[in-house]
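Take a first look at the structure below. The report that follows goes through it piece by piece.

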Amino acid sequence: MTERLDQIFVLLEQWLVGFLPFAWRPAAGVVLSVVAIVCLFPALFALTTVFERKGLARIQNRIGPNRVGWLGILQPVADGIKSLTKEDIVPLSADAAVHFLAPVLLVVAVFMGFAVLPMGRKMVLVDIDAGLLFFFAVGASTELSVFMAGWSSRNKYSLLGAMRAVAQMISYEVPLLMSSVTVVMITGSLSLTKIVAAQNQYTWGLPHWYIFTPWGLAGFVMYAIAATAETNRSPFDLPEGESELVAGYHTEYSGFKFALFFLGEYLAMFSISGLGTTLFLGGWSAPLQVLGWVPSWIWFFSKLMLSIFVFIWLRGTLPRLRQDQLMNFAWKFVLPLTLLNLLVAAAWRFLGDGWERWVICSAVVMLAYVGMAWSGMRRGHFGPRRYRYAE
Amino acid sequence: MLGEGILKGLAETARNFAGSFVSKERLTTVQYPEQRIAPIEATRDFPFLVYDGDDWQAGMRCVACQICEKECPPKCIYIVKSTDKKPDYVGKPQFYPARFDIDISVCMSCQICVEVCPFEAIKMDTEFELSTTDRFGGLLFDSERLAKSNEYYHKIHPTEATAVDAVLAEGKAKAEAKTTTAAIASAVKGAEIPPHPAGGGD
Amino acid sequence: MSFAFYLIAALTLAGGLAAVLLKNTVHCALSLTLAFAGQALLFLELDAQFAGFAQILVYIGAVAILVVFAILLTKGSETPKGSVYSRHSLAGLVIAAAVFAMLGWAVIQSLPAVPRGPASTPSVTVLDIGNALISRYVLPLEIVALLLTAALIGAVIIAMHEKERAK
């Protein structure tokens, strides 16, 4: 019974595809899965916008949207109607073709990233051998669309915002990849299904998720930081902060194109959280062996929504980082720690099973973090601000 | 320790988030316009003219001295003095404003008109739901719109109104005392009183 | 030579032609990106997964952005007023045709050396590439790493000198 519930979407797809002649079945199956993804994730996006506004509101001692529908849950419908009926203003001197293609490229690239995420047991759209590499490749294409948006608007401030956004995304691309490479090293494969399968084992009822290892925890934290910066999310949202650059590279966009940018940003958040879940939190595997009867896709989406909730929590808590602060942070703090993490993961692999590797790896990671933090604070790079007052 | 501040911040916001569902102190927002927070006494929005008694024209305290019009920084008050006089609260005949207009789209609620008025005639109101679709006429208040009774003044600013009433009563008593002594003096002067014999004793 | 190959080839050629024929430099850079994408699709069509995705990651994700930054930070972003073609375009065309002919002849000459047949198509996984890099091609790997380090150090030194000069 639980098996059937676990595989319910796969069975549904097979049943629906069974109505078609034999030759059309594989293609129809793929089309059906694509349609499912294209319908599900924007619906999740709509729900997330309400959660974000209400979550931020509660953090800030207010209520959030509560007039449209019960507890404001139909607010995205109102927002969607608004953005669809708004006039589409394109500046006269803007580069019309590039201006049009930028949001399209962004949304297409982000949707492609969902193709390799294993959302449940046997629920991947395409099981590529180099799945992780595919994901990062399409992630890199989103930077190009950001630049296209900023440049085609023929607006100094859009261009500045786009430059900042691209610089930020490139700088944090390296820690993102490096923290994922540790997982690849330990699993021995780039395929996301194999990575989840490797984490789906249990010792004494507890799972083998990579976050429960010293290098995995460090890697997850750095992956989370890099993911927040990649999707231009607070506290790294200088390129789109309203008080800094109006709206950065999407200043000149209105109506549906702006909605596409918004959609693209949130979908990028979903896909990068999905990848983080797959790499470090065990994907669709249950946290305890006794809970294995709950369907796998429920675990995947719960972990995804938990990551989204943490993103929203971070947004409500932290102030924005300045451009030079965030670049310094990436290159001088996160990158050296990711490189060290690689060494620690290698040590983990070669020290063999036992308690020694736990102690040694944890000690090295903690020492490195504390050492870098202490030396950075001593030199005044981070820590509480020191003021110099005029005499 | 690096990262400690972030964790403390996250804990604080989590406390705020959870607390906003259970305690009233955390969630300080009310569902306006179904619920309203009672304004504090010192709230001020736009001026109004106070009148005593029931008839707003007869009881209006304003004597059109035009001091508030001169002192108003954005010059939003427009007064036209009347040609005849009417008795004020002590009975003395005074001018009254034939026109008293305040443009509340210009008024900046600085309260200077209230501070300089010698007759306690103009005070600050607390009403703020004044939005209208008429951009010009709807925001220009004439003296009928501005006139509100002393009872209303007591309702919105109780302590202030009681103090003002005390001042006015004192003024009235002093004026009455002056008229009584004046009446006695004139009555005494009017009657024929033989002069005192010089050096006489009694 | 399937239908997919012709489609992708047409895309790549269109991108390449647009990259040299368009007037606006940024448009040229974006069409070049399209040509890169076409190349990546060709790799994927030949089942070389690593090469295809690495092409997207490196060329579109980094090289295209580099090209675009270079155009923006210099005066190349202004549309040139005159013609974009040089006076010696005919000579250039002849030389390009000659190079293409030589490359084509070399490829066609080497075709018999590759054995035909479905069983001969090698399937190279990322694991094989990794193994080869560490065991057989370790010297080129280390030399490339050294080259990249030297380039990084050079970039840092240039930037540092500029910062000192700016001070």
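What share of the 167 residues of chain C count as buried? The value is 14%. A residue is buried if 20 or more other C-beta atoms lie within 10 Å of its own, exposed if 12 or fewer, and partly exposed in between, with C-beta atoms placed from the backbone.

This is a predicted model, in which local features need pLDDT of at least 70, side-chain atom pairs count only at pLDDT 80 or more, and totals for chains, interfaces and linings use all residues. Residues are numbered from 1 along each chain as its sequence is written, while chains are lettered from A and ligands numbered from 1 in the order in which they are written.

**Chain C**

Chain C has six helices and zero strands. Helices (H or I, at least four residues) and strands (E, at least two) are DSSP runs, numbered from the N terminus. An automatic or database domain assignment sets the domain bounds. Domain 1 of chain C covers 1-80, and domain 2 covers 124-167. Their centres, taken over C-alpha atoms, are 24 Å apart.

Two residues are in contact if their C-beta atoms, placed from the backbone, lie within 7 Å. Among contacts in chain C with a separation of 6 or more, 55% join residues 24 or more positions apart.

The expected span of a helix is 1.5 Å times one less than its number of residues.

| Helix | Residues | Length | Span, first to last C-alpha | Expected span |
|---|---|---|---|---|
| α9(A) | 214-230 | 17 residues | 24 Å | 24 Å |
| α14(A) | 355-378 | 24 residues | 34 Å | 34 Å |

Of the 17 residues of α9(A), 15 are buried, so this helix is largely enclosed by the rest of the structure. Asn232(A) follows α9(A) and has a positive phi, near 55°.

**The cores**

A nonpolar core is a set of buried Ala, Val, Leu, Ile, Met, Phe, Trp, Tyr and Cys residues joined through C-beta atoms within 7 Å. The largest one has 108 residues. Those with the most contacts inside it include Leu133(A), Phe134(A) and Ala64(C). Helix α6 of chain A (residues 131-152) gives the largest share of this core, 14 residues. Leaving out residues up to four places away in sequence, Phe134(A) touches Val116(A), Ile128(A) and Phe53(C). Another core, of 23 residues, lies apart from the largest one. Phe48(B) and Ile77(B) are among its members.
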